[in-house]
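I wanted to go through the salt bridges and then the helix packing.

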Amino acid sequence: MSDFTANTSTPKQEAQFGDYFALLKPRVMSLVVFTAFVGLMVAPVSVPPVDAFTAILFIALGGGASGALNMWYDRDIDQVMKRTQSRPIPSGRVTPGEALSLGLWLSALSVVMLGLAANWFAAAFLAFTIFFYAVVYTVWLKRSTPQNIVIGGAAGAFPPMIGWAVATGGVSIESVLMFALTFMWTPPHFWALALFMKSDYDEAKVPMLTVTHGRPHTRKMILAYTLLLAPVAIATGLTSIGGPVYMAAAVVLNIMFVKGGYDIWRRSEDQALEDDYKTEKKVFRFSLLYLFLHFGALLAEAGLRSFGLGGW
């Protein structure tokens with residue numbers, strides 16, 4: 001972290017509320033909130049609306065705390081990468097100390113309040129998730145191995161399990177498969193981004209797969225993971241939380257995602273450069289829709305079951 005020390009001498013600009021909110025990575029937090037909400041809603045135990053809202057609020061704060069701790073530690077590479085240079089710390093609007101304090105306080109608050117509002121198993125799960133993202137992924141994996149996204153993706157895959165734990169106080173095959181769906185989705189999603197981010201990861205010396213193994217290998221791995229992801233998505237539909245609506249969505253979405261992986265695999269870098277990585281950007285955008293629609297279909301199945309419809 002010493003390389004960043006000289007950059008912190010820049011006079012601090014006046015921070016606005018939006019700068020502190022940006023530390024929480026709101027776009028990432030929105031995915032955390034949505035998947036946790038779905039995990040809670042599809043569980044076999046109903047939760048009163050006020051309790052459900054409270055639990056999701058504290059899960060969101062826990063996700064935001066992880067983001068703040070990540071930005072605090074990654075401030076040196078954020079300064080280098082074009083995609084992250086405008087973040088609150090490298091731009092000088094928020095000091096590293098403020099980000100660290102915010103992350104630690106929100107971590108403690110979210111865990112304790114989730115334990116009081118729901119149950120301590122869910123709270124412990126949230127605490128482990130924050131630790132996994134802030135320490136295991138950010139401090140250890142991200143800068144040491146090209147498997148950073150593969151293993152570290154677990155942090156973003158835990159929220160539906162936490163939502164399920166809020167309702168049931170435990171873990172089941174359904175919550176594990178929701179975890180696996182997000183876990184297997186993460187590598188092709190981020191590797192598609194890495195392909196068209198060009199030199200950002202090289203300059204920041206982050207060992208992303210595109211840097212350590214090259215772009216042709218990354219293209220092969222994107223296709224491989226889309227093929228491995230499809231059975232997980234289908235298996236989720238065969239459990240108690242699935243049904244014909246989810247299964248129809250899963251079949252169509254996975255055919256499209258595998259097709260996208262195949263299109264990326266068969267392209268050379270020269271072809272990608274010619275059209276400014278059009279295919280890679282298209283697959284990356286679709287990957288966002290892919291996960292949202294899978295969890296949206298699970299939510300639709302839960303709604304249908306509440307009316308005595310849906311399910312198998």
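**Ground rules.** I worked from a predicted model, in which local features need pLDDT of at least 70 and side-chain atom pairs count only at pLDDT 80 or more, while totals for chains, interfaces and linings use all residues. I numbered residues from 1 along each chain as its sequence is written, and side-chain values use heavy atoms, with hydrogens and water left out.

**Salt bridges.** I took a salt bridge as a side-chain nitrogen of Lys or Arg within 4 Å of a carboxyl oxygen of Asp or Glu. The count came to 13 salt bridges.

I looked up R143 and D74, whose side chains form a salt bridge at 3.0 Å, N to O. R143 is in the loop between α6 (120-141) and α7 (148-157) and D74 is in the loop between α3 (49-73) and α4 (75-80), so this pair ties together parts 69 residues apart in sequence. For the element names, helices (H or I, at least four residues) are DSSP runs numbered from the N terminus. For exposure I used relative accessible area: buried is under 20%, exposed is over 50%, and partly exposed is in between (1.4 Å probe, protein chains only). R143 is partly exposed at 28%, whereas D74 is buried at 1%.

Next I checked E203 and K82, a salt bridge at 4.0 Å, N to O. E203 sits in helix α10 (residues 200-204) and K82 in the loop between α4 and α5 (96-117), so the pair ties together parts 121 residues apart in sequence. E203 is partly exposed, with a relative accessible area of 38%; K82 is exposed at 56%.

I then went to R267 and E280, where the closest N and O atoms of the salt bridge are 3.2 Å apart. R267 belongs to the loop between α13 (244-265) and α14 (269-274), and E280 to helix α15 (residues 278-306), 13 residues apart. R267 is buried at 13%, and E280 is buried at 0%. I noted a network of salt bridges that links R215, R219, R267, E269, D275 and E280.

**Helix packing.** Two packed helices are described by the angle between their axes and the distance between the axes. I used axes fitted to C-alpha atoms over the stretch in contact, with angles from 0 to 180 degrees between N-to-C directions.

The axes of helix α8 (residues 159-168) and helix α9 (residues 173-196) come within 8 Å and cross at roughly 160°. The two are therefore roughly antiparallel, a word I kept for angles over 145 degrees, with roughly parallel for those under 35. I listed the contact (heavy atoms within 4.5 Å) as P160, M161 and W164 of α8 with E174, S175, V176, M178 and F179 of α9.

Helix α12 (residues 215-237) packs against α15 at about 10°, with the axes 13 Å apart. That makes α12 roughly parallel to α15. R219, L229, A233 and T236 in α12 meet E280, Y290, H294 and L298 in α15. R219 and E280 are also both members of the salt-bridge network above.

**One residue.** I found T129 touching A155, F158 and I162, not counting residues up to four places away in sequence.

Technical notes: Parallel < 35°, antiparallel > 145°, perpendicular 65-115°, else oblique.
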